[in-house]
Amino acid sequence: MDHSIRVIPHKKEFVLDVPTEIPQGVELVQAPSIWKTGVKGKDVVIAVLDTGCDHEHPDLEGRIIGGRNFTTDDDGDPENVTDYNGHGTHVSGTMAANENSLGVIGVAPEASLLIVKVLAGERGSGQYDWIVSGIQYAIDQKVDIISMSLGGPNDYKPLHDVIKKAVDANILVVCAAGNEGDEDHSTEEFSYPAGYNEVISVGAIDFDRRSSYFTNSNNEVDLVAPGEDIISTVPGEKYAKYSGTSMSAPHVSGALALIKNLEESNFERILTEPELYAQLIRRTIPLSYQKSLEGNGMLYLTTPDLLKKYLEESQFSISV
């Protein structure tokens, strides 16, 4: 059995000058509509299981609350979460780049990030057991959300078991669906951990709301979010456009931070993992693709009343 796991393959377009606008993906999922209510993810902790992070990037200032290295990079130094690939820094920016930066802004610009390095080197690869240890660490730290833009080809029981443990601890687990798609909705492509029913599996669309050619199709996809030409942070105080379901998952992780803030305030109590999942799915728009491609539809964070109005008035449809 192959016990290796990797960054969900992504396409790196090019390094950009400093952006001056809210990223298009953040706009598409309607995050600014939630910010207007004063909700920006404050006090919600997202564990980012990835290649590490450039904690000195100015757009992430104040967002990173700690971290742990579970890889062999830097002689296994547990305190060193240096990102040699760039992937972890990119997804972190999409989730929570701060609103006071000169560059990008994340979906939840006041959320806190716990950087859990589980993938090593410039290739961003690692072992299933590193992921298992990283998830257990996140559980022990009592995080609210675990975000994983990574995957491997095999169902690995210890990985499945620790994910069940995380969900039982009321932690939302978000995963990139994978990029092995063949543009045929009738065939199934699975990547793990996204293939487990307990996680929130996120597929990709482009800015025109069209299903990305690379996105995996299967019966475990929960929803879709922007995953092409996503602008975010990369090491060295730089910015880049990446494409992949890796880029879709952090939109959902950030969205869940906003939803947790908003709905726990509305209900005046802590919500369970199934309740928060239900609130997430309430904020999706069907795109007329097969369920194996889009699950419940596209993430759309505006208030439910405005979402209902949008659905009633929208003439948008896609032929497949």
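Author: One term to start. Buried means under 20% relative accessible area, exposed means over 50%, and partly exposed lies in between (1.4 Å probe, protein chains only). This is a predicted model: local features need pLDDT of at least 70, side-chain atom pairs count only at pLDDT 80 or more, and totals for chains, interfaces and linings use all residues. Residues are numbered from 1 along each chain as its sequence is written, and side-chain values use heavy atoms, with hydrogens and water left out.

Reader: Phe190, then. Why is it classed as partly exposed?

Author: Because its relative accessible area is 29%. Tyr192 has 16%, so Tyr192 is buried.

Reader: How do the rings of Phe190 and Tyr192 pair?

Author: Rings of Phe, Tyr and Trp (its six-membered ring) pair if their centres lie within 6.5 Å; planes under 30 degrees apart count as stacked, over 60 as edge-to-face, the rest as tilted. By this rule there are 5 aromatic pairs. Phe190 and Tyr192 are stacked, 6.4 Å centre to centre with 15° between the planes. Tyr192 also pairs with Tyr196, and that pair is tilted: 5.1 Å and 50°.

Reader: Which residues form the aromatic cluster?

Author: Phe190, Tyr192 and Tyr196 form one cluster. Both Tyr192 and Tyr196 are buried.

Reader: Switching to helices. How many helices and strands in the chain?

Author: 9 helices and 15 strands. These are DSSP runs numbered from the N terminus: helices are H or I, at least four residues, and strands are E, at least two.

Reader: What about H4 and H5, how do they pack?

Author: H4 covers residues 128–140 and H5 covers 157–168; they pack at about 15°, axes 9 Å apart. Axes are lines fitted to C-alpha atoms, for helices over the stretch in contact, and angles run from 0 to 180 degrees between N-to-C directions. So H4 is roughly parallel to H5 (under 35 degrees; over 145 is roughly antiparallel, 65 to 115 roughly perpendicular, the rest oblique).

Reader: Which residues make the contact?

Author: Contact means heavy atoms within 4.5 Å. H4 brings residues including Ile131, Ile135 and Ile139, and H5 brings residues including Leu159, Val162 and Ala166.

Reader: Last one. Where is Ile22?

Author: In the loop between strand S2 (11–16) and helix H1 (24–28). Ile22 is partly exposed, because its relative accessibility is 29%.

Reader: What is Ile22 in contact with?

Author: Leaving aside neighbours within four places in sequence, Glu27, Pro32, Trp35 and Ile105.
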